[in-house]
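Visitor: I am new to this structure. Please take me through one part of it closely.

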Amino acid sequence: MFNLGINPGNKKIGHEFVLIFRIQYNRSFLINKEKNMRKRVVIIGAGALGPKVACRVKRLDSSAQVTMIDKDNLISYSGCGIPFYVGGDVTELKSLYFTSAHVIRDCNYFQNVKDVDVRIQTEALSIDKKAKKVKVRYLPDGKEEDLEYDNLVLSTGSVPIVPPLSGADLPGVF
């Protein structure tokens, strides 16, 4: 088992490890041969990659049980559009959450349209690789639960490297 916390003493790389699993076109990825039941896929992170993986898995096997968790309460937004929002080119923050058909990509969208179990404000605490379980904590009430998985995807993003420039830590500098 290993902890998902970032080691603050590790200054060598300046960002989290981002583990991206390439979903193969081979459907055998989704077959749980041992238990002869629906494949359980847990995705940690619901920024850009997590929702894409969730949708791809459901396209490959609509019976797969996909659970996506994220610490934030906002998911699947266009992070690349944030500078345009800050700069005023995009006037409404909500527009960063729309599909091309102008449907908002929120928890309801993923649960009702894509059949993905979305758990926001949920923190992954640890992964037990041998038992294939992720221990999670629901931030609003502190309740903890183990989520069993057959396949696990880590899509937590990264932390930018801040260059060693004077003034980089001043208020208003991003």
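Visitor: Let us start with Thr122. Is Thr122 buried or exposed, and why?

Guide: First, a caution: this is a predicted model. Thr122 is buried, because its relative accessible area is 1% and buried means under 20%. Now place Thr122 in the chain. Thr122 belongs to strand β5, which covers residues 122–128. Look next at the side chain. A polar atom of the Thr122 side chain lies 3.4 Å from the backbone oxygen of Arg119. Then look further along the sequence. Beyond the neighbours within four places, Thr122 is in contact with Ile69, Asp70 and Lys71, and also with Val136, Arg137 and Tyr138.

Now turn to strand β6, residues 133–138. Strand β6 runs antiparallel to strand β7, residues 144–148, and five bridges join the two. Within this pairing, Val134 stands opposite Leu147 in β7. The hairpin of β6 and β7 has five residues between the strands. Find Gly142 in that hairpin: Gly142 takes a positive phi near 80°.

Val86 is exposed, because its relative accessibility is 67% and exposed means over 50%. Val86 sits in helix α2, residues 82–86. On the surface, Val86 forms a nonpolar patch with Ile82, Tyr85 and Leu93. Together these four have about 340 Å² of accessible area.

Methods
Residues numbered from 1 in each chain as written. Predicted model: local features only at pLDDT ≥ 70, side-chain atom pairs only at ≥ 80, totals over all residues. Heavy atoms only, no water. Helix = DSSP H or I, 4+ residues; strand = E, 2+ residues; numbered from the N terminus. Buried < 20%, exposed > 50% of the residue type's maximum accessible area, 1.4 Å probe, protein only. Polar contact = N/O pair within 3.5 Å; in protein donor to acceptor, adjacent residues only side chain to side chain. Contact = heavy atoms within 4.5 Å. Patch = residues over 30% accessible without salt bridge, like charges linked within 9 Å, V, L, I, M, F, W, Y side chains within 5 Å. Areas by Shrake-Rupley, 256 points an atom, 1.4 Å probe, with all protein chains shown as cover. Salt bridge = Lys/Arg side-chain N within 4 Å of Asp/Glu carboxyl O. Pairing = 2+ DSSP bridges.
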